[in-house]
Amino acid sequence: MDLYDIAFDHGHKFYAAAGAVRLEDFTDSNNVLALIQYKPNTFNKESTLKVKSVLNCCISRRKNIISSGRQAPLEPPPIVVAVVGPPKVGKTTLVKCLVKNFTQQNLTAINGPVTLVSGKKRRLTVIECNNDMSSMIDVAKVADLVLLMVDASFGFEMETFEFLNIAQAHGFPKIMGVLTHLDGMRNNKALNKTKKRLKHRFWKEVYQGAKLFYLSGMMHGEYLRREIHNLGRFISVMKFRPLIWRTSHSYILADRMEDLTNPELIRQKEKCDRHISLYGYVRGTPLKLGGSIHLAGCGDFEIKDITHLPDPCPLPDKEKKRSLDTRERLIYAPMSGVGGIVYDKDVVYVELGPNKSMEQTEEEGKPSNELVNNLIGTQHTLDTKMATSQMTLFDGAAPVTSGEVEETERGQYTEETVLVNGRKRRRVKFDDEDGQSEEASSSEEDDDEGFEDERDSRLLTAKKREQNVAASSSKKNKMDFADFQFADSDDDLEIDILPKRKTEMKKDRKERIKDDNEDSSGEDSSEEEATHSRSRKIEGDEARKFRKSSDGKKIEEDQRRRGQRDDDGDDDDDCEDDNDDDGEREIDDSISLDKRKKGERREKQMIQRQNIRTTDDGESEGEEGSSDDESSDDESDDSSTDDSKIENERNSPAKKKGSDGVNLHENEEISKRKSKGKAMKTSSKEGSKEEKLIEEEEFESASSEGDQDEEMEEVEGENREEDEEEAEDDKFSSSDQDESEEEEGKLKWKENLVEKASAAFIRQQQNTPNLRKLVYGEVVENDSDGETEVLGGFLTLSKPSEDEEKLSRGKDGQDTSGFPVKHIRDWDLNEVRELIADCFMTGKWEADEDAETLLEKDDELYGDFEDLETGEVHKGDPEKQTDERSSEEEDEDGDEEEKTEGEVGGEAKPALSVQDEDKQERERRMEKKRKAKMGLLEDEEEGPSFFDEWKEEMDQQSKLNRAEFQDMDDSVRTQYEGFRPGMYVRVEVADVPFEFVTNFDPTCPMVLGGLLSSESSIGFVQIRLKKHRWYPKILKTRDPLIFSVGWRRFQTIPLYCIQDHNGRNRLLKYTPEHLHCIATIWGPITPQGTGILAVQSISGREPGFRIAATGVILDLDKSINIVKKLKLTGVPLKIHKNTAFIQGMFNSALEVAKFEGALIRTVSGIRGQIKKASKAPPGAFRASFEDKLLRSDIVFLRTWYQVQLPKFYNPVTNMLLPKEQKGTWKGMRTVGQLRRDNNIPLPVNQDSLYKAIQRKPRRFNRLVIPRKLAQELPFKYRPQQRQRKEGLTIAGTRAVIREPHERKIAALMQELGALYKDKKRRDREDREKKSTENKKRIVKCCPHSFFNLPISWSFRASGNLIIKFRA
Amino acid sequence: MATKPLTYEGSNYFRQRLILATLSGRSVKINRIRSKDHDPGLREFEASFIRLLDKVTNGSRIEVNEAGTGVLYQPGLPLGGNIDHDCNIQRGIGYYLEGLICLAPFCKKPIKAILRGVTSNQIDPSVDVIKAVSIQVLKKFGIDEGLELTVTKRGSPPLGGGEVIFKCPIRRNLRPLQLLKAGKVKRIRGVAFSTRVSPAFVNRMVEGARSVLNNFLTDIYIHTDHMKGPKSGKSPGFGVSLVAETTEGTFLSAEAMSNPVGKEITVPEDLGKRAAKLLMEEIYRGGCVDSRHQGLALLFMALGQNDVSKLQTGPLSPYTIQFLRHMKDFLQIMFKIEAQQEQDGDSEDSRTGHDKILLTCVGVGFSNLSKTIT
């Protein structure tokens, strides 16, 4: 039995036990009692504690789950749905069907990820996983949901299990099984059996009750629409648990790649390193500029640049509607050539491909791909085909089924390689499967046979109907299809279809089908017309979306604006915002030059000022003043940039002309609707009318903010050499006034806006840029400069020279954390003291923490009490009071309080008698006891548990995280936070090998994994590793292995070791079986606790299970001590009594010195110690032993030898290989592999070979006791004198020659003897003969039963039979 | 695999660079160290700091060029454990401790360091300040149990001879921090010490300090610590360090130390007064951490999880500003720095000293990579 099995068995029992009483219902403290009442027998008083612990366990587990998903982004990135499975199982078809289901579009070829809007709040990125190891590993790392496809007609294949194990090692994303090819089943029964078998096996791997979907058949080369629809609904309501690795790292599943290398460079040197940009949604944590990334299958790179792009596939912004309309069903798959508009940093590409709707109509009739074609053409089911193919392939032998394939003992599974139509498939067979499944089916058949049957019949009817539908293709039935054909199982999904609501649902469904029909008919018949009529709308919509997203505004903002709907005001507001945005993003050439000049001057001033004003006071003032300037300065620049910008745009290359045609509709609409200013800038480039309009608006907006006007003037009068300080001071003092004055002068409707937008904004920004500049000044400056350089080219970098100088002066300054005070104020003076008077307890407090106000609050809070001294009674809120009292009564420890309460009460009613009090006391005690016995309510009264507090803290933190940067502009926000998950970004990476570009294959997943700062260094990684049970071989130390750790895949040389009890790491030659060991590798530093996976090779499809080992990272270090045992041997050179001189163990006296005092031992077990090196032969030493040694003794010393760790790290660069070889990356080969490849035999040490042991029999000499000694011995121990042997007489030894007479006698005697012998022999023979005859006779005459008696036989010579019966 | 080393110039902020390099795992190259000085290259105390770093970490590589004007540091992983280090007497133990404190929570084993040298001088924080304030700052980040600094011997410049034992537990992650209220100063504590001078000096310093402080607060207690015999180091000297504690648990420190022998003679009363005034200046600056510990607090904020941390401080010291810049280079973290909003209506009669600054950041998601898990 597998470990999994055991686990699930337990799980199953648990569920079964919990089935009767749902523990979730009794989590409340009150319900605990309810639970006890519910099952009075089960939960007697003794077992209450047990129940409590069980409940606590349940409760805490539930909470755990709740609290783990805390930092979900507001606008989450699309969910990655990966379709995984062995080849020809129907992956591509499923992806296409899903896409069609969600977007009503048919995709012809799918390359790379497809992003689409699946619902009001959810987007999906669907990706198909190739069937090679590296793709599977990469996909498992990024997928949120895996659709694991299984060909039910064939059974599980190795790939399925390999993928499951990969997923497990990397955090286990949500997995949903999808069974296909169900229509190939012979009959219902077989179908049911297969389903059940597969389902149970799948549950074992994932979890009991994991979702398994059945796609029962195909029509027109697609899966049944209803089933796909259901699948889609499941996907779009699925919930996900955060995985640790992904919540601590950012990553991008790139959906587009562009080569940005200068073509000239490529021309000069074709193989130069490339500069590329990759596009995708940020997932996980925010991605930071300046960090490094790992491009899976390529290597580590530093991020050159990140840009935030408008979302190409945004969620619908309206929330009122029930469902999406067709315009909102967006799809974005740039590598498949879908998605219409493609955005880049500064360009927008509009694809003007063939009309998609036309394609759709063309393809409507015929199935799209080859596989489907084949399927439709066939007469037989897949099963029968399979059978025949087997017959022909294995000529003479029986068809290949599970039985004949060579079964090796590898735990509980066997692999079977099956050739189907020349394709090699690796089926997984389970030893226990057949029997078990039989059992299971037989036992469970009773349970749910009826149900299954019912379902089946439904399924069949559905199928029939589908066929009907196929027959009459133009007209579709409005029948109710069987809605759910997947396995019944537990759900954390929210299935809204319940039996109760079924009728409702039916209605719904009908309606929807109607809609569908209408849609499809529309598509069929008058597709062109429809598109024509719709085109305007769509385009308009797109444009609007583009505008919105490019504005970088949040939905909230929009809503707010909509709330205070005012047409004109709306326009203007937008315009303002635009200005701000532009200021951050685009910098116009000419103005920015001015700005920089000004900036320089400003900084000079600032520094001067800082120098002059020594006190902190002055400094701060100066800061504030100049900060004001900065902020307003920026704004003014922006407002004045626009004119020239528009001009620039008009002169810009003719690329836009192409798009003009497309944008024509937009323009019309926009001008009609008098839409936002920004939109006009992007769309209407030639209309001078609009331009004017913009100018006007901008001017207005500029003047709307107080000091902007002034700044405008300053910009104009830039060349004049003014005394800036004066002007600034003026401005600073009068800016507020100006603001208010100008406000009054303006139109009424602008009041609101100014208040809202500028006041808050300006106040917030007042000091920020200045402080930021003070700290990060150079950086910010550099950034903008870099941009302008790209734009202009003739501009020079201007650095704050003053600052530089100051810095250089400080370069070799004293390194101290102190902040010296330049002038210590005279703190004895009262005025000076006043400065910090409020810093002390004695000073003035904030309003909310002032003692007096708090006291007043207390009064309100705690209600009435009596001042005992004055007798004054304070009254409070009566309701609260009662609450208080009731709660107090419950409190057991509140004895004293109750007493006081009693006293308070004593005023109203007479004091209680002593007896009464006693009685009360007793009652209270009884109550207490009872409660203690229950032992349940204690926790409730102890207050919030640790977990509650922790959760609370987490919640607050996540709220803070959300709120902190919410109102900021994205360009600023990303600097602090990084690029948030959900943003669509463009990541520039330099120095990528050219093969990445030339051998680019969009079907391979491109994963950009963000690395934390310390993760790009390399060191020794210790892993708790276990060889996979299914892997056929054991792993050898120093055999290269491919590891998947974090984002990376790399080959390295592991050393296996095991830890002894004293913490020593002992080297192992091979991984132990069914046991963890520690593997040490040289690899990238990755946080502890990260799961890892090891495979021997990723090239090709080797037979057998390919996952070699799994494990988890334990420790990281730069050096690790692994030892192996070393025995040094020596022989005695000279032996004294207990001392001996040993030689041959060491080579020099120095070596001996190192081991002085070490314990040594002889083979025979005599222990000793090394004393000192002796002079004579180098390396010999004196040692003392506990006994005298023999010359033949061998002395040995047990030590440990530190193993050299190989530093080999070889990233798997399969993305650089040509397209068709992507799956065949080969790294370093193992020694065994090399030997095999080069036909090198294994070197054999002849001495190590075993030979037959030949032992001569040992001869021992006789023990000789000296006569003297023998005489001294006691008599009994004295060696006996050997007696001479008797009987050897002369007669015995001599030959006898007889006389003739004697000879005659002897001859006669011999003859007589012979005769006698012969007679005796004959007599015996006769007797035997007669006895056998007698036996026969008796057998004939006697009854059968007679012989059953225990008897003994005896015969006489006469032949009479005597039978003796035994008693 | 190896990223390019970050390059800096000059000897200033030497510790910051090495510490941040160790924490972030990036190599750092420092060129032109005192290249224009009469005595170019690294000083003894910097070399000693490098040696300390070498003891604390495992696998770091340090290359110093012949003239000593260039250093290349490839960091290893912080190891911790038992460390015994003779600090150079050109700088105080505080110089070394400040660096060590930054690394200590992220070691493989809890650190127990014995540092010998000058316990307090005029430029570095004295061990008393570190004991009273730095340890409190660490506690705010959830590093508390087993955190300890004991002064076994005191040593004054120029010859030193002091000894401290620093113990620090290890952590895998740090807690995010929100410190927005400095609170009101409720008590002032301090330590006045003297080595190899008359014990009366201590009391005279206390008296001097009290004369200033009594104008503000009554709850003042200054310990006197007169070390004798072998515990008093090798040189005469005396000093006082003061710590103001607020209602919100903020500690602000100031200190003053006598001139070393051979220089101008220091009057103990004046020294006490000076320390008290410096403390007033520190209170004037305000904030939730004092000016010396801004860098430490900000570093630990940056090394937190991906959570928002906030800290209110007084004006940023040059050291802190450079620290922020360095953190941007090494950890790619940028702090949001804003001046604290004035309370409405209070702006005119606010008597809380200098304008406060609010620093906000999102932690980089740092975790202790050295700590072994089982």
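Which loop of chain A is K88(A) found in? K88(A) sits in the loop between β1 (79–84) and α4 (91–103) of chain A. This is a predicted model, where local features need pLDDT of at least 70, side-chain atom pairs count only at pLDDT 80 or more, and totals for chains, interfaces and linings use all residues. Residues are numbered from 1 along each chain as its sequence is written, chains are lettered from A and ligands numbered from 1 in the order in which they are written, and side-chain values use heavy atoms, with hydrogens and water left out.

**Chain B at a glance**

- Chain B has eight helices and 18 strands; helices (H or I, at least four residues) and strands (E, at least two) are DSSP runs, numbered from the N terminus.
- Of its 374 residues, 64% count as buried, and buried means under 20% relative accessible area, with exposed over 50% and partly exposed in between (1.4 Å probe, protein chains only).
- Take the contacts in chain B between residues at least 6 apart in sequence: 75% of them join residues at least 24 apart. Contact here means heavy atoms within 4.5 Å.

**Helices α5 and α6 of chain B**

- Helix α5 (residues 200–213) and helix α6 (residues 268–285) of chain B pack at an angle of about 40°, with their axes 7 Å apart. Axes are lines fitted to C-alpha atoms, for helices over the stretch in contact, and angles run from 0 to 180 degrees between N-to-C directions.
- That angle makes α5(B) oblique to α6(B); angles under 35 degrees count as roughly parallel, over 145 as roughly antiparallel, 65 to 115 as roughly perpendicular and the rest as oblique.
- Residues of α5(B) in this contact include F201(B), M205(B) and V212(B), and those of α6(B) include L271(B), A276(B) and M280(B).
- The contact of α5(B) with α6(B) divides into 10 nonpolar, three polar and four charged residues. Ala, Val, Leu, Ile, Met, Phe, Trp, Tyr, Cys and Pro count as nonpolar, Asp, Glu, Lys and Arg as charged, and the others, Gly among them, as polar.

**Helices α4 and α7 of chain B**

- Helix α4 (residues 127–140) and helix α7 (residues 294–302) of chain B pack at about 15°, their axes 10 Å apart, so α4(B) and α7(B) are roughly parallel to each other.
- S134(B), V137(B) and L138(B) in α4(B) meet L296(B), A297(B) and F300(B) in α7(B).
- By class, the contact of α4(B) with α7(B) has five nonpolar, one polar and no charged residues.

- K88(A) has a phi near 60°, a positive value in a residue other than glycine, and counts as partly exposed at 44% relative accessibility.
- D991(A), in strand β21 (residues 984–992) of chain A, also has a positive phi, near 55°; D991(A) is exposed, with a relative accessible area of 53%.
- Over in chain B, a cis peptide bond joins P157(B) and P158(B), with omega about 5°. P158(B) lies in the loop between β9 (148–153) and β10 (162–168) of chain B.

**Cysteines**

- The count over all chains comes to zero disulfides, a disulfide being a pair of cysteine sulfur atoms within 2.5 Å.
- C129(A) is buried at 0% relative accessible area, and its sulfur is 9.1 Å from the closest cysteine sulfur, in C1004(A), so that is too far for a bond.
- C168(B) is buried too, at 2%; its closest cysteine sulfur, in C107(B), is 7.8 Å away, again too far for a bond.
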